[in-house]
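Please read these notes with the sequence and the model open side by side. Each point takes up one part of the structure.

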Amino acid sequence: MPRNHSLLFPGLLALTAGHLSAQENFSTEQIHFFENHIRPALVKYCYECHSQEERSSRGGLFVDTREALLQGGDGGPAVVPGNPVDSLLWDAVNWQHGYEMPPDDPMPEEVIAHFKTWIEMGLPDPRVREVADFNSTITAKDIEKGKEHWAFQLPVRQSDASIDSIISAGLQEAELSPAPRADPFTLLRRINFDLLGLPPTLSEIRAFHSNWQRNPDKAIEEKVDELLARPQFGERWGRHWLDVARYAESSGSRNVNYPNAWRYRDYVIDAFNKDKPYDRFLEEQMAGDLLPAPTDAEWQENLIATGFLAIGLKHHDQKNPRQFQSDMIDEQIDTFTQGFLGLTVGCARCHDHKYDPIPTQDYYGIAGILQSTRTLFGTNRVAQIHRTSPLIALPIADKVPVSSEGGTRTVEHLKSSIAKAEAELAAMGRVGGMNDRDAGKDRRHLRNNLNRLKGQLNVLNEDGTPKSYAMGVQEGTEMVNANILLGGELERPAQQVPRGFLQVLGDLNFQVESEKNSGRLQLARAMSTPRNPLTHRVMANRIWMHLMGRPIVATPSNFGLSGMKPENQQLLDQLAVRFVDHNWSMKQLIREIMLSNAYQRDSTYSEHNYGIDPDNKLLWRANPRPLAAEELRDATLVLSGEIDLERSLASAIGESGAGRPRSSSEDLYNTYRSVYLTVARDEPNEMMKTFDFPDPNVTNASRAQSIVPMQALYMMNSEFITQRGQAMAELLKKNFRTDNDRVANAFLLAYGRPATDKELQASHAFFREFEPPSRSSEPVSNDRTAQGRGGKGGKGGKGGKGKGGREAQSDSRAGSYAVAAHDPLAVFCQTLMSSARFRILN
Amino acid sequence: MNTLTRRQALQTVSSGLGSLAFASMATQQALAENPLAPQPTHFPARAKHVIMVFMSGAPSHVDTFDYKPALIKNDGSNGGRAGKMMAPKWEFRQRGESGLWISDLFPHLSKQADELCLLRGMHGDQPNHPTAERAAHTGTGQFIRPSLGAWSVYGLGTENTDLPGFVHMGNQFRGSESINLGNAFLPARYQATTVNPGTEAPRPTGGNSSRSKGKGKGGGEETKESVPNISNSHLDLRAQRTQLDLLKRLNEETLRQEKHQPQVEGILQSYELAYRMQSSMPQVMNLAQESGPTKTMYGLDDPATAPFGTQCLLARRMVESGVRFVEIANGGWDHHTDITRLEGNCGAVDKPLAALIADLKQRDLLKDTLVIWGTEFGRTPHGTGNGRGHNNKGFTTWMAGGGVKGGFSYGSTDDLGYEAVDGKMHTHDWHATILHLLGIDHEQLTYHYAGRDFRLTDVYGNVAKDILA
């Protein structure tokens, strides 16, 4: 929480008294009763923890207005006027049913009696809440002025200027001569990794090389088209979007699993493979539940897409439901405004945006849309998990990773356990009176257990088969406008603002008048229209960055005034225009960029050019980049021949269901592509984290590209890389008869090109000099890895594959290798995987 | 005031001019070669190294370092707040020449009273353990931000590039590990390297030694390495050197082809450093080089003090070897229901802490090593059953060495110990002061991320100049 806010921005906030709601009519006598008996008691016993004055709303409850009592807190309305028995407040002052207030000693009997009378009277209460009046410092004039910022104006079309013509102009002006086209080996490796995140195989290298001899242009074009059509394309490019979408399968904070999050992951991968138009992709993620869906299959897809809004970091241990909602909505706004619009609207939660013409009202206009939306994320109400919700039951039962072996017996067993627990709990309610803390503890324990059982039953159909659920959003039951919160603090509400969008976007801004819908569909459409000056540019910039190794706008998720200006706005605008021209096809844009000369240049250093443009802003050469964590892991599995290109069903968390995530490193040793590794917040996979996998607690625009000794230690000494070296050596020994052939093909596999003479010399020297540790002639059986995941039917550990007919004896043995870890060829293979040429894509 | 002008002014600030990383061309050059190279400070540093011991769970200040006669007098009375006043169960005495009041819970540390700078006016925003611990480490309980240690190494680099700049030992932080010790948006090289003392796996000296550790064994007893992947399971150093020679030649060949390629250079150097770390790390971790009396001084002969004592001794060894920031996390200080358990917790750290200060001093390391005893918040003067409640409005931490006044008390809480009233030090002020001692202006140590410049202290923080020696 920001501290000393008013001190920081003196004079910006004018506080005036106002009313949140009109008061009911009560007699003077009733008001006197309140003033004489109730107000003093509330002040004495309750205000410390439940009043705006103390800025404290424990359990989400204020008791300082009638309205607040009716609204209640964590447990629902605190009072049912006229009915003490149904009022939680009555339970609490009587220390009943798990509520004991005030916590240290009950109030005197006569005070308790007054509360009864008061509730029976219908809760007469003259108190009104002080509502501050928020005055923005950003005026209409500021907003008009703000519209002049480049990113708030529509891109200008430059007839049909090509990427190369725009870049060449810049190079000529700076008197730089661009590097020539890269050689076919380098180019093929680049195209493969950029499109699929995988290295080319030996046969692909040979085929491409011979095509190149006939016609290089045609060879490249055919290769790009071929790879764009492969399912591995979506696995690489979907992962780029999953970084932005802060995809993870657990809540973070008080970490609980999101065992259905993987459906959103698969949706994203499929969307890229289908080349779903980006405007549609956006609409589905923001408001898929509201889009017309002619078929159940489409509806299903649209619902899963809204998981985008539901998978973010959440504090399920938050006792105050309004605080929870406020934080969740903030996380949603932060993610989708940065992700789609390249704007940091989240900054306007506590104060007017410091840089952009985004007043706090705009933030709360959007917040109202999300307050009128139900975010469905699941989780069971067990110990310390206070905030739960249902999930979306999907129209079509899809394949789920949960065993249905128990069938109806499981369902019956759960039902009888639930009935038993409910009966015990009911019986408990009758015994154990006031002051019996042990009874309270037992009750909590029983309730926990009951909720856990209910959670287990909820995910099953009557016949014991698992139900298909998704995380996502639906329209709320009540359409509300949000109150501005001063400093973002719940305890300091100011006036309400109508649901809407951003004033700086001019006629794309709207106000929701209807009480029948949240305005979320309208919001999605205002974001996805080509008239939005941000959306197409932001995505075009991201795609450019992933292919060229350098974004045009260096702050890809911030196109606002505090972001960087485009290095070449003409180029960015032209990409954005063409993106829309081609019906927002991401594959088309990728294709166009890859077929440009700029993409195909080699990375050769030139002293002259470097002297003028060291950062390669003008793109006189290609930008080398380290392989991303997933690429590195997948590539070692390709080299070792162990990769399984099938899609993994769900993930380790999808299989384990509700509960807390364990380390994400557990499934490292399966052989699926890395995009299918479990992603748990705050429990990163050791290898992924070491190689800069981003923190999924927040949206990520671009990854760090660090090169640190911890990575070197990983390549030199880790179990995982050691094994890949062994498996690769095994494969080479099987497929090639001479040492020379083995070494030559090892280079071709790892580098995508034949070895140079110097590299061969170094290799020969190694084989001459290398001496394994003495007395170690026997192969070391390192059977410590490659565990299959439960329910995989042994598919998880593919170590037995390609072992010269030797069957893996069991899952636990699946990772043993015929070649020892200290075998010279295994060490050699591991060295190739560790080398810079392998780890850096040029 | 013209708002647009103000906004424009802020934009100028955001353009990264304040960052240390842009201090000079020479620094830039050095950073390009080695991003962890020592960097110039904003002003002369008082401390070059930090050892932060973090008592996770919030020890009671009124039972340890904050003497409250009024609380003792009012024992059992209802102070108008929720619960009855609870006097400390341990005697307070004046210690050393300086006469600082410290309770009998710290008999050994009390002998070093004249080195201690008690910060008795601490306060923070977060009343719950996980968020308060995050705030104490990163300046915010709400967002994911870099740890104090990460900021320190980002700002200063490190002196011994054979070793990590930021090392963590001891307890984990209930689910917030990666946050409290993490680099967040800073590059990964600034994150803490977690070291588990005493479980170093021996390198095979030859022979068919199958590896005893490993992740794939299906749980159960695992021997953890002191640093991830610090040793090789199947090659001895000679064999590995042959391997690394090949690696070096391959990388040099790549570099020859590419001519100018910082990433390739970086990889080349990282293997050589990693290779050296394989020897240097275990060497730092090897306590066999320490004398018997030293070990006894740190309490290594007593099971109660040995774990924390080992960590303190290792912290000294690391600082000696040039590690910039060492953090030792010590858990179990949550005395909500039973305050008497404080005795056990204090007993486990008292002797090692006293030894650490004495040992640093006798080696002339204390003058530029800042020792910090930190925690997330304090405890209420009234009781909650036999324990004490959470109190983020007033608590005590202390520092020693590293350019702070010894035998000094700064700030105070009210008569009962509820709230900081004087010499108030918010968590942000605490961070600002620590960075100041390291020669860093907390307002200028920025990192540009997601469109703006971030600081450890956000827009807050005042340096407590009164405590500077």
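1. Basis. This is a predicted model, in which local features need pLDDT of at least 70 and side-chain atom pairs count only at pLDDT 80 or more, while totals for chains, interfaces and linings use all residues. Residues are numbered from 1 along each chain as its sequence is written, and chains are lettered from A and ligands numbered from 1 in the order in which they are written.

2. Chain A overall. Chain A has 34 helices and nine strands. Helices (H or I, at least four residues) and strands (E, at least two) are DSSP runs, numbered from the N terminus. Of the 842 residues in chain A, 52% are buried. A residue is buried if 20 or more other C-beta atoms lie within 10 Å of its own, exposed if 12 or fewer, and partly exposed in between, with C-beta atoms placed from the backbone. Among contacts in chain A with a separation of 6 or more, 70% are between residues 24 or more positions apart. Two residues are in contact if their C-beta atoms, placed from the backbone, lie within 7 Å.

3. Cores. Which residues touch the most other members of the largest nonpolar core? They are A:Met471 and B:Cys117, in a core of 305 residues. A nonpolar core is a set of buried Ala, Val, Leu, Ile, Met, Phe, Trp, Tyr and Cys residues joined through C-beta atoms within 7 Å. A second, separate core has 21 residues, including A:Val63 and A:Trp118. In soluble globular proteins, nonpolar side chains tend to be buried together.

4. A helix pair. Helices α9 (residues 202-214) and α10 (residues 216-228) of chain A pack at about 140 degrees, with their axes 6 Å apart. Axes are lines fitted to C-alpha atoms, for helices over the stretch in contact, and angles run from 0 to 180 degrees between N-to-C directions. The angle makes α9(A) oblique to α10(A); angles under 35 degrees count as roughly parallel, over 145 as roughly antiparallel, 65 to 115 as roughly perpendicular and the rest as oblique. A:Phe208, A:Asn211 and A:Trp212 of α9(A) meet A:Pro216, A:Ala219, A:Glu222 and A:Lys223 of α10(A).

5. A covered helix. Helix α5 (residues 129-138) of chain B is mostly covered, with ten of its ten residues buried. B:Gly139 follows α5(B) and has a positive phi, near 90 degrees.

6. In chain B, strands β2 (residues 92-95) and β3 (residues 100-103) run antiparallel and are joined by four bridges. Two strands pair if DSSP finds at least two bridges between them. B:Arg93 has B:Ile102 as its bridge partner in β3(B). Four residues lie between the two strands of this hairpin, and B:Gly96 in the turn has a positive phi of about 60 degrees.

7. Two residues to check. Most residues other than glycine have a negative phi. A:Asn583, not a glycine, has a positive phi of about 55 degrees, and lies in the loop between α22 (569-581) and α23 (586-594) of chain A. Is A:Asn583 buried or exposed? A:Asn583 is exposed, because 12 other C-beta atoms lie within 10 Å. A:Asp682, also not a glycine, has a positive phi of about 65 degrees. A:Asp682 is buried, because 23 other C-beta atoms lie within 10 Å.
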